[in-house]
Amino acid sequence: MNPATLATRLGRAVNWIRWYVREVSGEAVYDKYVAHARACNPAAEVMDRREFERSRTDAREADPREGFRCC
């Protein structure tokens with residue numbers, strides 16, 4: 001196999017694994033929020049990462065259907 005082809009395939013595999021881990025772990029949620037918020041209104045202020053995570057946590061704790069806590 002050509003070394004350039006091998007490097008290309010390895011790079012694609014690493015990128016796919018990175019994408020998969022970010023999607024499963026929820027790490028990509030903030031990036032999606034920022035992209036959506038800026039697409040809807042470029043002039044709007046976007047929450048920083050800490051505010052966003054606090055907002056998500058508060059929303060999950062407020063809704064018992066989310067199963068965030070048992071008690």
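**Basis.** I numbered residues from 1 along each chain as its sequence is written. The model is predicted, and I took local features at pLDDT of at least 70, side-chain atom pairs at pLDDT 80 or more, and totals for chains, interfaces and linings over all residues, with side-chain values from heavy atoms, hydrogens and water being left out.

**Aromatic pairs.** I looked up ring pairs, meaning rings of Phe, Tyr and Trp (its six-membered ring) with centres within 6.5 Å. The structure holds 4 aromatic pairs. For Trp16 and Tyr20 I noted ring centres 5.3 Å apart and planes at 15 degrees, so this pair is stacked. The plane cut-offs are under 30 degrees for stacked and over 60 for edge-to-face, with the rest tilted. Trp16 and Tyr20 are 4 residues apart in helix 1 (residues 3-25), which means a separation of about one helical turn. I took helices as DSSP runs (H or I, at least four residues), numbered from the N terminus.

I then checked exposure, where buried is under 20% relative accessible area, exposed over 50% and partly exposed in between (1.4 Å probe, protein chains only). Trp16 is exposed at 51%, and Tyr20 is partly exposed at 43%. I also found Tyr30, Tyr33 and Phe52 linked by ring pairs into a cluster.

**Helix 2 and helix 3.** How do the axes of helix 2 and helix 3 cross? For helix 2 (residues 28-40) and helix 3 (residues 49-62), the axes come within 11 Å and cross at roughly 105 degrees. Axes here are lines fitted to C-alpha atoms over the stretch in contact, with angles from 0 to 180 degrees between N-to-C directions. The two helices are therefore roughly perpendicular, a term for angles of 65 to 115 degrees.

I listed the contact residues, contact being heavy atoms within 4.5 Å. Val29, Tyr30 and Tyr33 of helix 2 meet Arg49, Phe52 and Arg56 of helix 3. These residues divide into 4 nonpolar, no polar and 2 charged. Val, Phe and Tyr are among those counted as nonpolar, and Arg is among the charged.

**Thr57.** Is Thr57 buried or exposed? Thr57 sits in helix 3 and is buried, with a relative accessible area of 16%. I found a polar atom of the Thr57 side chain 2.9 Å from the backbone oxygen of Glu53.

**Val24.** I placed Val24 in helix 1 and noted that Val24 is exposed, with a relative accessible area of 58%.

Note on methods
Angles under 35 degrees count as roughly parallel, over 145 as roughly antiparallel, 65 to 115 as roughly perpendicular and the rest as oblique. A polar contact is a pair of N or O atoms within 3.5 Å; within protein, one must be able to donate a hydrogen and the other to accept it, and residues adjacent in sequence count only if both atoms are side-chain atoms.
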